[in-house]
Amino acid sequence: MKTLVKILKNKEIMGRILFTIVILFIFRLGAQITVPGVTLTSDYSSYLEQNNALALMNLLGGGTLSTFSIFALGVSPYITAQIIINLLSTDVLPALTDLKRQGQSGRRKMELATRYLTLLIGAVEAYGIIQMMASYDYINFDTGSQAWLMYIYIVVIMLAGSMIVMWLADQISQKGIGNGISMIIFAGIVSSLPQQIVGAYQTWVSSSIGTGAELTGVLEFLVYIVAFLLIIAFVTFIELSKRKIPVQHSGKSGQTQSMSKASYLPIKVNSAGVIPVIFANSIMLVPSIIVAFVGGNTNAAWLDIFSSSALFAMPGVNGSTWYMPWGLIIYIVLIVAFTFFYAHIQINPQQLAENFQKNGSYIPGVRPGNETERYVSKVLNRVTFIGAMALMLVAALPSILTMTGIFGDNTTLVLGGTGIIIVVGVALELKQQVEGLLAGKSFDEVVAAGGR
């Protein structure tokens with residue numbers, strides 16, 4: 001309560017919050033404007049819910065794909081481009097590696113390269129999605145003698161919308177509160193939560209009134225809410241968990257060993273965040289986009305292999321058939337692989353060991369150099385394994401629940417998933433930023449009071 005009062009009294013924080021709300025309002029307004037010339041069929045929404053990759057894209061876009069709005073691409077192409085540039089800059093592409101080491105000027109050039117790659121990825125994604133939707137007759141538009149002009153028109157509008165969303169996100173990062181891209185995703189996810197809770201209430205409580213099963217319905221609804229809160233608590237615990245490696249900093253010349261400083265190297269359990277899930281979903285979407293791009297059959301049965309909630313029919317003995325969730329298995333393997341890969345990008349044991357030697361730092365009981373590198377790598381792998389398992393469980397939970405049919409055809413009630421990971425991560429990030437701004441204000445007040 002005291003923190004809330006401090007926030008309300010802090011003009012800078014309130015100004016940033018109000019600015020962020022205005023930008024998010026503009027974004028939500030644009031999210032309701034369907035691309036001119038395109039009409040959606042009644043089956044469009046249900047198709048989005050069934051396609052996990054497109055559902056995640058809709059999630060990352062703040063729900064803009066559900067209306068096929070001018071902001072339909074959202075920030076998804078930018079996130080994918082950013083991941084690719086980060087991967088290539090890890091000694092894969094020497095030019096990008098050099099830029100990464102050039103400090104601020106190099107980062108600006110890498111950001112420019114990311115924007116150009118965003119345009120390319122956005123154009124491919126937009127065309128692939130249009131082709132996919134049109135082949136299923138989920139969207140309709142003029143396909144006369146010059147249909148290619150209509151395709152170009154829609155792709156350009158979607159690309160322009162994505163650039164506007166990125167600009168709005170930049171404005172939030174500079175003048176608002178929180179990371180702009182994260183806030184746009186956060187706002188879209190949070191706006192759908194009340195609808196999900198209302199849907200659960202109608203499914204179990206409202207529908208049971210007058211049937212004699214009111215108590216059962218209320219209990220099922222309460223179990224659903226408790227399960228929802230437990231998943232949020234679990235994700236919060238994982239996001240806050242870290243392994244602290246003690247680090248000793250040698251004193252300068254003239255200082256004794258007892259005067260040297262001690263600190264910790266924190267290694268988060270989930271240092272990769274939600275990036276592995278996003279990248280895994282992007283790869284799962286690639287085959288469908290390629291097939292649509294080359295004009296192939298997007299209804300082909302083999303594409304079910306890349307759907308994380310589909311069961312693929314396998315021939316058995318004596319003409320029998322059994323089902324295998326190949327898509328879910330591929331999805332899980334990709335998440336685990338990218339979690340380890342991205343964790344080693346975030347914390348490079350070799351570079352860390354070199355920096356320790358240069359700065360005169362060391363881990364007590366571990367020799368500098370190769371032994372330090374091996375020790376950090378071993379701890380990082382063990383901690384990341386726990387994070388990968390937790391991330392895999394939460395991300396795969398919606399697909400598992402969908403395949404078991406617990407919620408029937410109403411997939412909107414499915415628990416878990418990327419949305420909760422993003423919401424918890426952004427909420428913790430916002431909390432830290434607000435606390436930092438409040439601490440800065442308190443420090444300024446103390447300095448001003450001391451000067452009088």
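Which residues line the second largest cavity? They are Ile83, Leu87, Ile275, Pro276, Phe279, Phe338, Phe341 and Tyr342. The model is predicted: local features need pLDDT of at least 70, side-chain atom pairs count only at pLDDT 80 or more, and totals for chains, interfaces and linings use all residues. Residues are numbered from 1 along each chain as its sequence is written, and side-chain values use heavy atoms, with hydrogens and water left out.

**Terms for the spaces**
- A cavity is a set of points on a 1 Å grid over the protein atoms alone where a 1.4 Å probe fits but cannot get out.
- A pocket is an open set with protein on both sides within 12 Å along at least five of seven lines.
- Lining residues have an atom within 4 Å of a point.
- Points are joined across faces, edges and corners, and a volume is the space filled by probe spheres set on them.

**Second largest cavity**
- This cavity holds about 40 Å³ of space.
- Its lining has 8 nonpolar, no polar and no charged residues (nonpolar: Ala, Val, Leu, Ile, Met, Phe, Trp, Tyr, Cys and Pro; charged: Asp, Glu, Lys and Arg; polar: the others, Gly among them).
- Helices H5 (76-88), H11 (275-293) and H12 (326-346) each supply at least two lining residues (helices are DSSP runs of H or I, at least four residues, numbered from the N terminus).

**Largest cavity**
- The count is 3 cavities of 30 Å³ or more.
- The largest cavity has about 60 Å³ of space.
- Phe234, Val235, Ile238, Glu239, Asn270, Ala390, Leu391, Val394 and Ile421 form its lining.
- Helix H10 (214-240) and helix H14 (370-404) are the elements that give two or more residues to this lining.
- H10 has the largest share, 4 residues.
- By class, the lining divides into 7 nonpolar, 1 polar and 1 charged.

**Second largest pocket**
- Its volume is about 1,100 Å³.
- Of its 36 lining residues, Asn179, Ser182, Val274, Ile275 and Glu429 are the closest to the centre.
- Ile275 also lines the second largest cavity.
- Helix H15 (residues 418-451) gives the most to the pocket lining, with 7 residues.
- That lining has 17 nonpolar, 12 polar and 7 charged residues.

**Ser173**
- Ser173 lies in helix H8 (residues 147-175).
- Its relative accessible area is 39%, so Ser173 is partly exposed (buried is under 20%, exposed over 50%, partly exposed in between, with a 1.4 Å probe and protein chains only).
- Ser173 touches Gly178, Asn179 and Gly180, not counting residues up to four places away in sequence (contact means heavy atoms within 4.5 Å).
- Ser173 and Met183 are 10 residues apart along the chain, and their C-alpha atoms are separated by 9.0 Å.
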